[in-house]
Amino acid sequence: MSIFKKNQISVKREYLLTKNLPFEVREAFRSLKASLCVSLPKKENGEGIALLVTSASPEVGKTTVSVNLSLMLAESNAKVLLIDGDTRKGRVARYFETNAKPGLVDCISGQATLEEVTRVYNEKISYITCGSHSPRPYELLESSVTKKLLSELKKQYDYIVIDTPPVLLLSDVLALIPETDGTVVVCRHRSSHVNDIAKTLNTLRFAKANILGVVVNDYTPLEKSKKAYGGYGYYARESAEYYQESEMEQEAATTEE
Amino acid sequence: MEEQIGVRDEISLSELFKILWRKALVLILVCMIGCVAGGALGVLKTWNVHYYGTKVEFYVNPSKSEDASSETGSQYGVYGTYGKPLMESMVKLLESEDFAEKLMLDENGMPAKKISTEIDALIDEGDANGALEAWRKTEHYKKMIAFVCDATSYSYATDSNVEEELAKSFIFVEISVLSGDKEKGMGNAQILLDRVKTHVPAYIKKNMVKPDGYDETNCQRITRLDEVKLLNPGEMLSTAIKYAILLGAASFLAASVAVIVVDYSDKRLRNFERTMDQLGVPVLGVIPTITEPAPKAQTDKEVA
C-alpha cells in the first residue's frame, strides 16, 4: 500500500511562489526574507541591496531559491530585480517561460540596452535573463561595465538578487562578489556534501564575500512523526494547518468584499 | 592567515541512537538471521551427540588387622593430612593406560604389547595372514584402550584438614560414553560400569599406599543406584538457544557497527543545524520539499 502511495508522489523542483503552493513553503520563503532583511538592513544612502545566491555544486535549487526569494521580497512592496548571473547555464528564463536572449551578457557586451534586457514580471519585480553565451564569462562579469551596470541598478531597485553558478565548478561568481552586499549559499538536504559546502565557504571567505548564511533546500524530515518537520521545530503540521485555515478565511472575506 | 572552515567529526550518543533507530528494521532482520543461524549451528553441533553413563563413588580407608583395629575403633578413614597426596597418586594410577588395559583385559584376552610381540614372531615365521590378523587385533585393542581412557574420568575428595580419626576419603569414577546410537551407548556404558565396579576396588586395594601401622586398604562402593542413563538430556535445545543468543547478539553488534560506519562515511548534508554550527554560518532558511501527485500517464483511449 505504501509503495503505491510513494509512486504516486513526485517531487516538484521548479516552481514559482503562488498561492497554490503549500503553506509551509511560502512561510519558509517568508522566513528566509525576514532573516535576510535582518542580516542586511537598508542602506542609509537609499541604494538597493545586491544579494548573490550561489552554491557548492549544481542542481541544488539555486534558481528556485533566487526566483522565489525575489517574488517574496517583492511582496514587501520593494522593487526587486532578479539577474541570471549564470551566463553558461542560466535557467531564470524557464521559470518565467520566456526566451533567455537578449540578457545580461548582451547588455554587458553592448549588444543590447538595459531597457531591452530588463523584463517586467509585475510592477514590483523585473528580471534579466542570462542572454547569449559568452566565450569569456569571468572577464565579462569582472569588467568595469558590469560594475557600472550594477551600481546603476542599485539606484533603481531596492533588492537585486543575482543567481550565480556553483562556486566549486566555476569562478564566475568570484567576479561579482565585490559588487554585492551579501552572499547566500544554497545547499540541498541529503544531497550536498558537507566537505563541498566547507570548501565553498572557504573560497567565499577568501574572496572577502559577506556570507550571510546558508539556505537548506528540499528539506524532507526523516522521522515520520506528527510534526511535519520532525525534531527541527519548523512549522508543526498542526500549527501550519491552523494558520492555513485562518489565511483561507481571510482570503474568502476579501473576495466577498 | 584566515582560519579554514572545516567540519569536525564528532560522535554524539543521541546521534548514534538515531542512526541505529533509522535502521532498526535492518538490525532486527540481521539479528534474526544471526539467531536462526546460531540455533542451526547449535543443533548441528549437538546432533546425535549423546553421552551415556553414570557416577560411581568409592569410600577408601586403610584398616588394621583385627587385634589392632579394636584399639582405634574408628569407622572413619585415617589418612588425615596424607589424604590428598595419596589420593592424587591413586587417581593418576587409575587414569593410566595400564589400568585401562586392566579394565578391558577380559574382553581381548591379552595386552597390546603381547600382540605386538606376536606380530613380530609371525613376521619372522613368514605367516603374513597371521601377522595381519594379529595387527588388526592390536589396532582394535588400541582403540579399546583409547575408548576407555576417554569414557572414564577419576576424581577424589578427602578431608585433609580435619582430625585424623574423622578424615574421609572418596574416589569418584565418572563414566561417560559418547554415542549416537542409544542401545550401543547404553550397552558400552553398562559394560564399562560393570568392569569399574569389579576392577576399581581391587586395583585400589592392591596399589593404594598404606600408612604406617595399617595392614590393608578397604575400598567400598557407596552408590547403589548407579544405573546407566543419558547424561545430557535437552542439551541440543540448550546449546541451540545458547548459540542463537550468542550469534544473534554478535550479528546485531556487527550490523550496528556497519550501519554506523556507513552512516558516518556518508558526508551528505543531513543534520544541517549541527553542521552549520560547526561551519560557523547561520541557517537563513529551510525550504521544504514540494511533493505533488505524479501526472497520470496518458492512456491510448485519452490520446484517441
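Two strands pair if DSSP finds at least two bridges between them. Strands (E, at least two residues) and helices (H or I, at least four) are DSSP runs, numbered from the N terminus. This is a predicted model: local features need pLDDT of at least 70, side-chain atom pairs count only at pLDDT 80 or more, and totals for chains, interfaces and linings use all residues. Residues are numbered from 1 along each chain as its sequence is written, chains are lettered from A and ligands numbered from 1 in the order written, and side-chain values use heavy atoms, without hydrogens or water.

**View 1. Strand β3(B) pairs with β2(B) and with β1(B).** β2 (residues 152–158) of chain B runs antiparallel to β3(B), with seven bridges. Tyr156(B) faces Ile171(B) across this pairing. β1 (residues 50–63) of chain B is also antiparallel to β3 (residues 169–179), over eleven bridges. There, Gly53(B) stands opposite Ser176(B). Chain B has eleven helices and seven strands. Take its contacts (heavy atoms within 4.5 Å) between residues at least 6 apart in sequence: 78% join residues at least 24 apart.

**View 2. An open sheet of eight strands includes β6(B).** The order is β4(A)-β5(A)-β3(A)-β6(A)-β2(A)-β7(A)-β8(A)-β6(B), and the pairing is mixed. β4 (118–120) of chain A and β6 (283–288) of chain B are the edges; each has a single partner strand, so one side of each lacks a neighbour in the sheet. From one strand to the next, the twist averages 25 degrees. Inside the sheet order, β3 (residues 80–84) of chain A and β5(A) are parallel, with four bridges. Leu82(A) sits opposite Tyr127(A) in β5(A).

**View 3. Helix α2(A) packs on the sheet.** α2 (residues 23–39) of chain A touches β2 (49–55), β6 (159–163), β7 (182–188) and β8 (211–219) of chain A, and also β6 of chain B. Its direction makes about 170 degrees with that of β6(B) (axes are lines fitted to C-alpha atoms, for helices over the stretch in contact; angles run from 0 to 180 degrees between N-to-C directions). Helix α8 (residues 144–156) of chain A lies across β2, β3, β5 and β6 of chain A. α8(A) runs at about 140 degrees to β6(A).

**View 4. Ser134(A) lies in a loop between β5 (125–128) and α7 (137–141) of chain A.** At 18% relative accessibility, Ser134(A) counts as buried. Its side chain reaches the backbone nitrogen of Arg136(A) at 3.2 Å. Leaving out residues up to four places away in sequence, Ser134(A) touches Val105(A) and Leu140(A).

**View 5. Leu16(A) sits in the loop between β1 (9–12) and α2 of chain A.** Leu16(A) and Asn68(A) are 52 residues apart in sequence, yet 6.0 Å apart in space, C-alpha to C-alpha. Besides Asn68(A), Leu16(A) touches residues including Leu21(A), Val67(A), Leu71(A), Tyr95(A), Phe96(A) and Tyr121(A).

**View 6. The second largest cavity has a volume of about 50 Å³.** A cavity is a set of points on a 1 Å grid over the protein atoms alone where a 1.4 Å probe fits but cannot get out; lining residues have an atom within 4 Å of a point. Points are joined across faces, edges and corners, and the volume is the space filled by probe spheres set on them. By this rule there are three cavities of 30 Å³ or more.

Notes
Buried < 20%, exposed > 50% of the residue type's maximum accessible area, 1.4 Å probe, protein only. Polar contact = N/O pair within 3.5 Å; in protein donor to acceptor, adjacent residues only side chain to side chain. 1 Å grid on protein atoms, 1.4 Å probe; cavity = no way out; pocket = protein on both sides within 12 Å on 5 of 7 lines; lining within 4 Å.
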